[in-house]
Amino acid sequence: MTLLHRLSVTAICAAALISTPAAFAAHEKLEAAFKAADKDGDGTLDKSEAAAMKGVAKHFDMIDADKDGTVSMDEVKAHMADMKGKARGGMHEKAKARFAAADKDKDGTLDKTEAAAMPHVAKHFDVIDADKDGTVTLDEVHAFMKSHKD
């Protein structure tokens, strides 16, 4: 590996850590809670150990992907990622339905009058309207939301 390549990899990793301090802190907190709940120190939680982590206990059987009666930290992380993905997919479907309901003339775009049914879109209409044609498409709304997520 060249020096330039190593520096690039290091810079990318550092940027990822710096750009997501809240995610990093949440990950650390989860790992600490898991470790504290793991009374026998075997790296997994059985149902009695999982009781110390309300969310893990509540969804134990769903989290236990290999059905061995215990959950590992990897299984917890995988379950959380799966749930996050499902939540995002549901939000996207709701947004599509709201867009379709607001699109009174069913032309696949919203003008300023139609956008009033979606307050966030109406508020940022001129910024969302990337091609400046006086209407916004679902793709333009999606691009705006993606670039402005907190």
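Q: What does Asp-61 count as at 49% relative accessibility?
A: Asp-61 counts as partly exposed, because its relative accessibility is 49%. The classes are buried (under 20% relative accessible area), exposed (over 50%) and partly exposed in between, with a 1.4 Å probe and protein chains only.

Q: What kind of model is this, and how are residues numbered?
A: The model is predicted: local features need pLDDT of at least 70 and side-chain atom pairs count only at pLDDT 80 or more, while totals for chains, interfaces and linings use all residues. Residues are numbered from 1 along each chain as its sequence is written, and side-chain values use heavy atoms, with hydrogens and water left out.

Q: How many salt bridges does a search of the whole structure find?
A: A salt bridge is a side-chain nitrogen of Lys or Arg within 4 Å of a carboxyl oxygen of Asp or Glu. The search finds 3 of them.

Q: Which residue does Asp-61 meet in a salt bridge?
A: The partner is Lys-47, at 3.2 Å from N to O. Asp-61 sits in helix α5 and Lys-47 in helix α3 (residues 47-50), so this pair, 14 residues apart, links distant parts of the chain. Helices (H or I, at least four residues) and strands (E, at least two) are DSSP runs, numbered from the N terminus.

Q: Which side chain pairs with Glu-31?
A: Lys-77 does, with an N to O distance of 3.0 Å. Glu-31 is partly exposed at 31% relative accessibility, and Lys-77 is partly exposed at 30%.

Q: What does Lys-112 meet in a salt bridge?
A: Lys-112 meets Asp-126 at 3.2 Å, N to O. Lys-112 is in helix α7 (residues 112-115) and Asp-126 in helix α9, so parts 14 residues apart in sequence are tied together. Asp-126 counts as partly exposed, at 47% relative accessibility.

Q: Where do Lys-67 and Lys-132 lie?
A: Lys-67 is in the loop between α5 (60-63) and β2 (71-72), and is exposed at 59% relative accessibility. Lys-132 is in the loop between α9 (125-128) and β4 (136-137), and is exposed at 58%.
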